[in-house]
There are 2 protein chains.
Amino acid sequence: MTIGVRHDDLRRRNRAMVIAAVRRGTQPSRTEIANATGLSHSTISTISSDLIEEGILALAKATEPGVLKRGRPQVALDLNPQAATVVAIVLSLNALSVTLNDYTGAAIVQELSRPATLTLSQDALVGAVTDAVEQALDQAGSAHGPLLRMTLTIQGITDSEARRLMWSPITPHSDIAFADALEARFGVPVTVQNDCNMISVALRARAPERYRDNFFTILLSNGIGMGLVLRGNLFTGAHSSAGEFGHMNHLPDGALCRCGRRGCIEAYAGNYAIYRHARGESELAQPVADIDDATMLAMAAAARSHPGPEREAFHKAGEAIGYGLGSLFALFDPAPVVIVGLGTSAFDVFEPTMRDAIARTAGGQHNAAISFELEPDEMPLIREGAARHALNAIDQDIFAPGVPTRKDVA
Amino acid sequence: MTIGVRHDDLRRRNRAMVIAAVRRGTQPSRTEIANATGLSHSTISTISSDLIEEGILALAKATEPGVLKRGRPQVALDLNPQAATVVAIVLSLNALSVTLNDYTGAAIVQELSRPATLTLSQDALVGAVTDAVEQALDQAGSAHGPLLRMTLTIQGITDSEARRLMWSPITPHSDIAFADALEARFGVPVTVQNDCNMISVALRARAPERYRDNFFTILLSNGIGMGLVLRGNLFTGAHSSAGEFGHMNHLPDGALCRCGRRGCIEAYAGNYAIYRHARGESELAQPVADIDDATMLAMAAAARSHPGPEREAFHKAGEAIGYGLGSLFALFDPAPVVIVGLGTSAFDVFEPTMRDAIARTAGGQHNAAISFELEPDEMPLIREGAARHALNAIDQDIFAPGVPTRKDVA
DNA sequence: GCCTTTATTTCGGGCCTCGAAAAAAAGAAT
DNA sequence: ATTCTTTTTTTCGAGGCCCGAAATAAAGGC
């Protein structure tokens, strides 16, 4: 049911817009905010002075060397770093990263550790995470804003409320209540998010003009992750099992996938699939848990230098990804594609077959128009995205305290 | 750029909500509207008396036999049929339907004709449409509200502004400026919409509680159409080439599709594909333009009664649809699927293989939870959807007069 | 007929945004 | 050095909108 717009929603929304305008990171003046939002200068003035008084915004440090024009100079506004602190936790295979970020998103403290995620017991895994957060908080001391939120990011599938990890390749355990454990320990709201979705969040934050309405993020690692942004909305799906690009079907009854089914895109384009193929193993051979980076790079180099099973393996991968993207482009308009992860290092090897596959699908007519952006290192993006996700939630809490989200009118 | 919420936007949106609440068709009282929208009784009271005064709403005819409770009885509100008239045009293979609907959506006049769409010249085709509308308007006389909008619905691809038909199987011509022609002749806004999308609009209008957030509409005819509703939004795509479920790839280098590519779902599940397969023709045989209903029904009957090429053909079709849906369920959450068109008559024949295919994909885990709704006759749905689409646009125009253009300064 | 119940309208209060005017803060001109 | 000009920001009064409370309206129950 569509809910009515109350009189006080108005202020809330406009506060939201002001915060969002400042979070864009351009240190806008009140005048610029007024122009950007279409609201009057007087409105912006009152809202921003409220926000400054509440310690959410602050006058920007006068770093401007600036070409001074005539007239009263604009006063640049910025987020107050002290307004809040968030924790971004990234749990990946045998690696754990905990970052404290201030309200502007800048990192205060970063803690890295290497728990043996595949062998730890469930409790030990949860313990490793909470301990690492504890340690990071200790290390940060108290010279920062109040801790208000955490986002834990992981490869795999979460429950619909973003509170539990349902399945992940990094641990044999399932249904792990990370959010509950962290909330109990630290007393702030926590959500569990898919890593690739957070990459999408980070990309949009970095380049909102390019990644605004529609774009696809593909994370190439042992599995294939996807972040799907359509009409400006991140599609995580109501059950958070969505965005499983890697498990779209490429060939019925095809190669054996890590998920136990056959013919998934991942069973051709995941690291284990490329490895399996390059070594001449059967398509039905059991996937291995992880291939180290050096091996992948060596295979890519081999594929690049001479024909052989390595090259064929990457071509197969490109074909699977290409057909998958083609199907996506049939459903949605062609949109920018960002390829993230070590797999980008072999992009030159598989791009031709990928483009060839796209050309054989409905995406073909737009093949030239489809841009592929490469981001070799996913970790910074995941960290940024997780922090940004937590910050967005805080922004929401600040300007819309205790109000259910609205639904759009069709 | 996110735009600020102005003070008068508030009233506009709340007017919109009142109109929408009444359009749901339940003849709500002011009290019910207040409860549904969460707005106060006083607000609803002023808004609805405004709308009544403007001739948009009216007191419902006292058709209520009603269980009278104690207290002042509620006054049921309804749309004023005289508030507007819209034209819903459905152009399909060798058939043209023009319907005048009043503001409540009720049909006033319906004109059916049978132009030879495949052989008519482009001008003659446009002429046939405008003439048919003219005729319908003549027939309706003047005892109806002002004509405010038209929607032309067609199978095929439109341009991004919904003004031109770019490609359709019903005519050899391309890039036909239907909207321009109709607007020039009748002086009201016209859009050109895909038939399957309009079916989705109609389904939501009919059963908003079931078809609200996510559902997929599949139209089985000579081609395969899809309407994609995600998070309550109809995904037509910015270039309106979206929602092409039928051209997702099923088998690389597979059967020849009408679109010239190979392996599309349509090349296995479209009528021509089933026909081709049932007759033992090659997968690469040229698709035929149309199969008449009797032939399709006969093939379905044959498939039902005994094993043979017909049964195999439908099984192939079910497999292609199943894998396609499976890929969709990998990307999005499982959602209700509505199958529309004559193809539903063979649903019992292809359902087992379809479900089996879904089970082999990421959709498998939800197989039991996925409901398939059947709607054999698509024409009423397309007509309803087209009318509804036009009415929604009018509602927009009414509550948002003189669209608040954003003031973007360069 | 009067009481009770429920629906709708009226009225005053409190916010919110807006436009206009005032104040502030600079460079430019004299 | 002082007085324009220009531009930004704040202040202030007006008007619009929603809300809650009270008043009014329209039934059925007694």
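How many bridges join β3(B) to strand β4 (residues 95-102) of chain B? Eight bridges do, and the two strands run antiparallel. This is a predicted model, in which local features need pLDDT of at least 70, side-chain atom pairs count only at pLDDT 80 or more, and totals for chains, interfaces and linings use all residues. Residues are numbered from 1 along each chain as its sequence is written, while chains are lettered from A and ligands numbered from 1 in the order in which they are written.

**Strand β3 of chain B**
- Strands here are DSSP runs of E with at least two residues, helices are runs of H or I with at least four, and both are numbered from the N terminus; two strands pair if DSSP finds at least two bridges between them.
- Strand β6 (residues 147-154) of chain B runs parallel to β3(B), joined by seven bridges, and R149(B) in β6(B) faces V86(B) as its opposite residue.
- Seven of the eight residues of β3(B) (residues 85-92) are buried, so the strand is largely enclosed by the rest of the structure.

**A21 of chain A**
- A21(A) lies in helix α1 of chain A and is buried, with 22 other C-beta atoms within 10 Å.
- Buried means 20 or more other C-beta atoms within 10 Å of a residue's own, with C-beta atoms placed from the backbone.
- A21(A) and T37(A) are 16 residues apart in sequence and 8.2 Å apart in space, C-alpha to C-alpha.

Terms used
Buried ≥ 20, exposed ≤ 12 C-beta atoms within 10 Å, placed from the backbone.
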